[in-house]
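Please keep the model in view while going through the numbered points.

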Amino acid sequence: MAAGLFVVFEGIDGSGKSTLTKAIWDDLGTQALLLREPTGLHTGKLIREKLAAPNTMSQKDWIQLFSDDRALDVEQHLTPALAAGKIVLMDRYYYSTAAYQGQNPPDLSALQIVQSQQALFPRPDMVVYLEISPDAALSRLGSRAGLEIFETKSQLERIAKNYDSIIPKEALRLDAAKPVATNVEKVKKAIGKKVPI
Ligand code: TYD
């Protein structure tokens, strides 16, 4: 049986990551599975409630919530799909926890979070990073109602800087301003170098 391929998509809110992953999934068909964090499981629903309203949750508690959600998703969806030889497209993974929850000392940095997450969860075979400036991302988000707590300029600037410190150097970096079809082709080409599609 084919070995499967684990591809993770990352980027700040407003980068168009969800549109891109969905388009790639549509194109690849049944050989691919699209997963998304926060998940649709009870652990992910709890996170979405917390994201919708201002709160004073600690960094440690945020990391715990995302890790609990990830652990269930890995066990129930990721591991079986890879074992069945699927190409798994994961819309956000532990790089999001590092970039979004990473803070200045005395809290944990993005790098420290990524290192502890790597000890807990499977490593992706490929990371795709959708690059966009916080200003351009915000103007895309501006047309959307009900912004979440991380969707402000200062938060997105902190998150983009964190991403720069942790995204692997071998990641496929895409320009989010390019047409979706162009980026779909780039990702398919990269996937096609690793597995037959
Ligand atoms: P997102 O994929 O942007 O969902 P939606 O399109 O419904 O807004 O994810 C929701 C938010 O969760 C986003 O602001 C990023 C944040 N997030 C973290 O802070 N840490 C994490 O580990 C993950 C997976 C997401």
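1. Helices (H or I, at least four residues) and strands (E, at least two) are DSSP runs, numbered from the N terminus. The model is predicted: local features need pLDDT of at least 70, side-chain atom pairs count only at pLDDT 80 or more, and totals for chains, interfaces and linings use all residues. Residues are numbered from 1 along each chain as its sequence is written, and side-chain values use heavy atoms, with hydrogens and water left out.

2. Asparagine 162 belongs to helix α7, which covers residues 153–166. Is this residue, asparagine 162, buried or exposed? Its relative accessible area is 13%, so asparagine 162 is buried (buried means under 20% relative accessible area, exposed over 50%, partly exposed in between, with a 1.4 Å probe and protein chains only). The side chain of asparagine 162 reaches the backbone oxygen of alanine 99 at 2.9 Å. This is a polar contact, that is, a pair of N or O atoms within 3.5 Å; within protein, one must be able to donate a hydrogen and the other to accept it, and residues adjacent in sequence count only if both atoms are side-chain atoms. Apart from neighbours within four places in sequence, asparagine 162 is in contact with Ala98, Ala99, Gly102 and Ala110 (contact means heavy atoms within 4.5 Å).

3. The whole structure holds 8 aromatic pairs. Rings of Phe, Tyr and Trp (its six-membered ring) pair if their centres lie within 6.5 Å; planes under 30 degrees apart count as stacked, over 60 as edge-to-face and the rest as tilted. The pair of tyrosine 100 and tyrosine 163 is edge-to-face, because the ring centres are 6.4 Å apart and the planes stand at 90°. Tyrosine 100 is in helix α4 (residues 94–101) and tyrosine 163 in helix α7, so the pair ties together parts 63 residues apart in sequence. Tyrosine 100 is buried at 5% relative accessibility, and tyrosine 163 is buried at 0%. Ring pairs also link Trp62, Phe66, Tyr100, Tyr129, Phe150 and Tyr163 into a cluster.

4. Arginine 70 deserves attention for its charged end. That end sits over the ring of tyrosine 93, 5.6 Å from the ring centre, and over the ring of phenylalanine 121, 5.7 Å from the ring centre. A charge sits over a ring if NZ of Lys or CZ of Arg is within 6 Å of the ring centre and within 35 degrees of the ring normal.

5. A cis bond joins glutamate 37 and proline 38, with omega about -10°; proline 38 lies in the loop between β2 (32–36) and α2. The bond from proline 105 to proline 106 is also cis, with omega near 10°, and proline 106 is in the loop between α4 and α5 (110–118).

6. Arginine 92 has a positive phi, near 80°, although the residue is not glycine. Arginine 92 is located in the loop between β3 (87–91) and α4, and is buried, with a relative accessible area of 12%.

7. Lysine 45, in helix α2, is exposed, with a relative accessible area of 52%. Beyond its neighbours within four places in sequence, lysine 45 is in contact with Thr39 and Gly40. Threonine 79, in helix α3, is partly exposed at 43%.
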